[in-house]
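Hi everyone, thanks for coming. I have one structure to walk through today, so please have a look at it while I talk.

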Amino acid sequence: MGKVDVIVTNHDMVLADLALGGGAVLPDPRDTIYVFDEGHHLPDKAIGHFAHYTRLRSTADWLTEQTAKNLAKLLAQNPLPGDLGKYIEQVPELAREIKAQQQFMFSACEQVAEFRPGEDMEGRERPRYRFVGGVVPEHMREMGIELKKGFSRLTDLFTRLTDLLKEGMDAEVSIGIPSHQAEEWYPLFGSLQTRAQGNWELWTAFTAEDPEDSPPMARWLTLAESGALFDIEVNASPILAAEMLRRNLWNVAHGALVTSATLTALGKFDRFRMRAGLPKLAVTAVVPSPFHHVDAGVLRVPDLRADPRDAPAHTAAIIRDLPELVEGSRGSLVLFSSRKQMQDVFDGLDRDWRKQVFIQGNLSKQETLNKHKARVDGGDSSVLFGLASFAEGSTCRVRIASTWSSPRFPSRCRTTRSRRPWPSGSRPVAATRSWRSPCRMPRCA
């Protein structure tokens, strides 16, 4: 039997390598057998690698304050011969042109957007405006196309400059500056090229025409803080990563195995197949769990007498009933789908009762778990407040909870042109999330 290399990495590294064509950082996919643990994350992770955003005000400042002025100063101090000087001379004027286009786009976004309260995936309050069906108004699309052209030219200039500087780092090749200076400038122009390309990718995705037979690109604006002022963040993201995974992973890999406790929804692999773009011939199987959930605990659904859609009343009900729900348990984990609700519940609890609570975000996750464990091991009661991601972090060798509570299961869905949202979106999502966290907890109880 021949030798094999076993490489342990994370989903992000694999997806970054695949986005570069495969084989750039990791071995060639054609020579690789992939084993993805926690594979239910794969579709969302893949979407993240093909999502793009830019902030209009901060990018405009970057174009003039950091890029144009610094390069103009560089030219004044160091008259540069040949192609190096020719390319750098073009940047300040082009940067000012793009900044003017950015300002027009900022005004257009202000006029069209009716920002509504919302939270991002980390539970932070981020007012946003969504373009219905991903369709951008034609006048904004035309502005975006001009920005795409501008950033394309800027990216091309920075790419030529970084290529020249890379050649200049070789002492035997002369580009008009010493090799040590080329080595100092290379990271600077590399970062400029990366940011310009990121903006080009955003405006390319923002202005693209979506095929009729595919889900549309999601496009939205987010209100963001920028020092004493506010900024507008422009976002574009694919709704499904199925085609990307099919093209870059499943169709080229030597083999792939995906495992997770929650690949199925309502007992079927249909939703994961759709979101991950699995080949029709992919084999799926459900393997019995080694954990005896029936013997490990009790699933109890208390009547809070409050509708989760009425956030103030639901929060008040949790504040009222939570102390009684976890009474008698040395270790408890309470998971929230909203950071705001988690903080509101914490603030509304009795001051003395709050002393036994560790809330996610005040310390690192590992430090929070260590302090919680020390308190439980010492015979004292301890309660962890966290967001949904904390449930997965709780799959550990440490006993952290004898009581687990989730005030509300998030149930988000995206509507596509050809699917009804409840049966194909919300119901499978709610079923999976309702199953995921309770099944994880016996591992730590």
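This is a predicted model: local features need pLDDT of at least 70, side-chain atom pairs count only at pLDDT 80 or more; totals for chains, interfaces and linings use all residues.

The crossing of helix 3 past helix 4 is left-handed. If you sort the residues of that contact by class, you get 16 nonpolar, five polar and four charged.

Now for a second pair. At what angle do helix 10 and helix 11 pack? The angle is about 50°, and the axes are 9 Å apart. For orientation, helix 10 is residues 311-325 and helix 11 is residues 339-348. That angle makes helix 10 oblique to helix 11. Here the crossing is right-handed. On the helix 10 side, the contact is made by His 314, Thr 315, Ile 318, Ile 319 and Leu 322. Helix 11 brings Gln 341, Asp 344, Val 345 and Gly 348. By class, the residues of this contact divide into four nonpolar, four polar and one charged.

You'll find Gly 386 in strand 9, which spans residues 382-387. Is Gly 386 buried or exposed? Its relative accessibility is 0%, so Gly 386 counts as buried. And what is Gly 386 in contact with, once we leave aside its neighbours within four places in sequence? The list is Val 334, Leu 335, Phe 336, Met 342 and Gln 360. Take Val 334 from that list: Val 334 and Gly 386 are 52 residues apart in sequence, yet their C-alpha atoms are 6.4 Å apart in space.

With those details in mind, let's step back to the whole chain. The protein has 445 residues, and 40% of them are buried. Its secondary structure comes to 15 helices and ten strands. Among contacts with a separation of 6 or more, 72% link residues 24 or more positions apart; the pairing of Gly 386 with Val 334, at 52 residues apart, is one to look at on your screens. As for the surface, the protein exposes about 25,100 Å², with carbon and sulfur atoms supplying 52% of that area.

That's my tour, and I'm happy to go back to any part of it.

Notes. Residues are numbered from 1 along each chain as its sequence is written. Side-chain values use heavy atoms; hydrogens and water are left out. Helices (H or I, at least four residues) and strands (E, at least two) are DSSP runs, numbered from the N terminus. Buried means under 20% relative accessible area, exposed over 50%, partly exposed in between (1.4 Å probe, protein chains only). Contact means heavy atoms within 4.5 Å. Accessible areas come from the Shrake-Rupley method with a 1.4 Å probe; for residues, only the protein chains shown count as cover. Axes are lines fitted to C-alpha atoms, for helices over the stretch in contact, and angles run from 0 to 180 degrees between N-to-C directions. Angles under 35 degrees count as roughly parallel, over 145 as roughly antiparallel, 65 to 115 as roughly perpendicular and the rest as oblique. A crossing is left-handed if the near helix is turned anticlockwise from the far one by less than a right angle, and right-handed if clockwise. Ala, Val, Leu, Ile, Met, Phe, Trp, Tyr, Cys and Pro count as nonpolar, Asp, Glu, Lys and Arg as charged, and the others, Gly among them, as polar.
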